[in-house]
Amino acid sequence: MAPFLDSEILTGIDPKVGLIDADPVMALKAVHDLISTYFAKGAIPGLDSLVNTPASSRTPEPPTSVPTSTAAPRDAIPSRPEIEAPQPIPAAPHPATNNTMPHHSPPPSNPDHLNALLATITTNVPLLSGPDSLLARQKAATAAAELSSLLRPPPETIMSWFSSACVVSAVHLSAHWNLFDTIPSGPSGISISSLASKLNTTPSLLTRISWMLTSSSVLTSPSPGHLAHTPLSLHLRHAQPMAAMFRVLFTNIVETSSILPSFFDTYGRMEPEGPSHVPTSILFGNPSESYFDHVNASPSLTTNFMRAMSITHRSVPTTGMYPMSDVLSVAATSTGRTVWVDVGGGDGHTIKLFCEEYGLPAKQCVVQDLPSVVTAAKRQALDTNDAILQEVRFADIDFHRETPVEGAYRYYLRHILRDYSDSVVETILRNVAGSLTTDNSDARILVAEQVIEEPPRLYAAFKDYTMLAIGGKERTLDGFGDVADRAGLEISGVFRDRGTPHAVIEMRLKR
């Protein structure tokens with residue numbers, strides 16, 4: 001029978017996984033120790049050589065193969081290995097004890113499945129310094145988190161939820177006190193007594209808060225009574241995009257979760273219709289407001305939201321999925337035709353990327369958004385002397401009520417539909433479909449979104465759950481097909497990214 005896992009090892013694995021950015025070998029060693037303890041048979045084959053070898057002398061294993069994409073090829077990126085569901089091993093009964101807390105064993109797990117997860121980690125850790133480091137980091141961290149989940153007994157799992165919640169709470173309080181901006185850069189950091197004085201608190205209280213931050217590797221303690229930054233905490237300084245994202249998610253998840261029971265008691269146990277009367281609008285005290293009404297009414301919230309969204313602009317693929325040869329051909333042969341309309345395109349950063357990467361003629365492109373957004377985008381293009389965006393035509397639209405410019409070749413909606421419920425998305429798609437007339441029967445609608453699996457993996461489920469607060473949702477391919485059908489459209493092509501769940505879904509009028 002496998003030995004009962006020591007709770008300190010179990011609770012220690014998640015912070016080590018979080019350290020994969022700063023010290024991937026330490027993170028991997030923690031996983032090694034955890035599995036070795038579980039099976040009580042020492043080192044795991046192939047792992048000791050990695051954790052005991054200097055990083056400079058490691059030879060990366062070849063990346064796994066990827067399925068053929070239905071889109072124009074991107075740079076080769078190793079795909080996440082698909083791992084079969086673990087087969088249970090019959091659990092041996094535990095002897096009776098006098099403890100009031102049952103002595104639980106870890107959930108049954110297939111050693112082959114655990115070794116497959118470990119292989120994912122050992123394959124991707126050496127790739128963290130390469131061109132695909134972001135994807136490799138995601139794969140290694142995801143596999144390590146799944147290992148932790150499989151090996152943790154149920155009571156430990158439940159307690160771990162609240163330990164993670166305490167980390168979030170401590171970060172939120174520390175950010176409110178401006179702690180991360182007050183700690184100086186450099187390895188020596190600052191004494192807790194000095195920091196307490198700067199933050200107008202007591203050393204004893206700050207010490208207790210710091211325990212949560214150092215034990216979870218948010219901060220480090222270079223010497224007794226001192227705190228210093230880690231690579232993680234540097235992202236929590238106020239002006240950093242990740243700090244802005246933390247503030248958005250804290251509101252949409254933590255604060256909103258407290259009113260979800262009363263929300264569904266009031267509105268019924270069904271998906272929020274939106275865009276008003278959604279959980280966040282109840283939280284903000286104005287049920288008739290949509291989430292974006294609330295954000296747009298506050299310059300500080302708008303700035304914070306746009307800063308947070310800059311993370312997704314950089315980390316989520318934009319180009320490389322949809323084949324552009326036909327678009328460029330139409331642009332060359334029909335120079336007076338608008339070939340690309342970015343519906344809800346904001347400041348034009350996405351359309352600029354297409355112009356730069358593919359040579360899409362800026363003068364044949366249109367960005368449509370709310371009047372206030374268009375005004376700000378035009379001003380920004382002039383202030384920054386952006387030659388491309390000064391050629392792009394900006395036009396007003398409320399896609400909830402209006403139809404985009406007619407006669408275009410492609411109508412592009414990137415990360416728009418995920419913000420809304422199915423009924424609202426149906427309206428948006430109907431409005432856009434109104435531009436697909438008999439005069440431009442070759443026109444298509446392009447929806448760039450994450451396409452989740454059924455059932456989704458944890459990160460995809462997490463993203464969908466965050467959208468619940470504002471009345472939005474992530475969708476499966478069938479889900480996109482359903483809303484397209486209700487809007488009088490049909491899916492004519494799916495162009496997937498390699499290595500991520502993102503895709504461009506092409507739609508046309510139903511035939």
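Q: Which residues form one aromatic cluster?

A: Phe284, Tyr291, Phe292, Phe305, Phe399 and Tyr420 form it. The model is predicted: local features need pLDDT of at least 70, side-chain atom pairs count only at pLDDT 80 or more, and totals for chains, interfaces and linings use all residues. Residues are numbered from 1 along each chain as its sequence is written, and side-chain values use heavy atoms, with hydrogens and water left out.

Q: What describes a pair of aromatic rings?

A: The distance of the centres and the angle of the planes. Rings of Phe, Tyr and Trp (its six-membered ring) pair if their centres lie within 6.5 Å; planes under 30 degrees apart are stacked, over 60 edge-to-face, the rest tilted. That rule gives 15 aromatic pairs here. Take Phe292 and Phe305: centres 5.8 Å apart, planes at 85°, so edge-to-face.

Q: Where do Phe292 and Phe305 lie in the chain?

A: Phe292 is in helix α14 (residues 291-296) and Phe305 in helix α15 (residues 299-315), 13 residues apart. Helices (H or I, at least four residues) and strands (E, at least two) are DSSP runs, numbered from the N terminus.

Q: Why is the pair of Phe354 and Tyr412 edge-to-face?

A: Their planes stand at 75°, with centres 5.4 Å apart, so the pair is edge-to-face. Phe354 lies in helix α17 (residues 349-358) and Tyr412 in strand β7 (residues 410-414), so the pair ties together parts 58 residues apart in sequence. Phe354 counts as buried at 3% relative accessibility, and Tyr412 at 1%.

Terms used
Buried means under 20% relative accessible area, exposed over 50%, partly exposed in between (1.4 Å probe, protein chains only).
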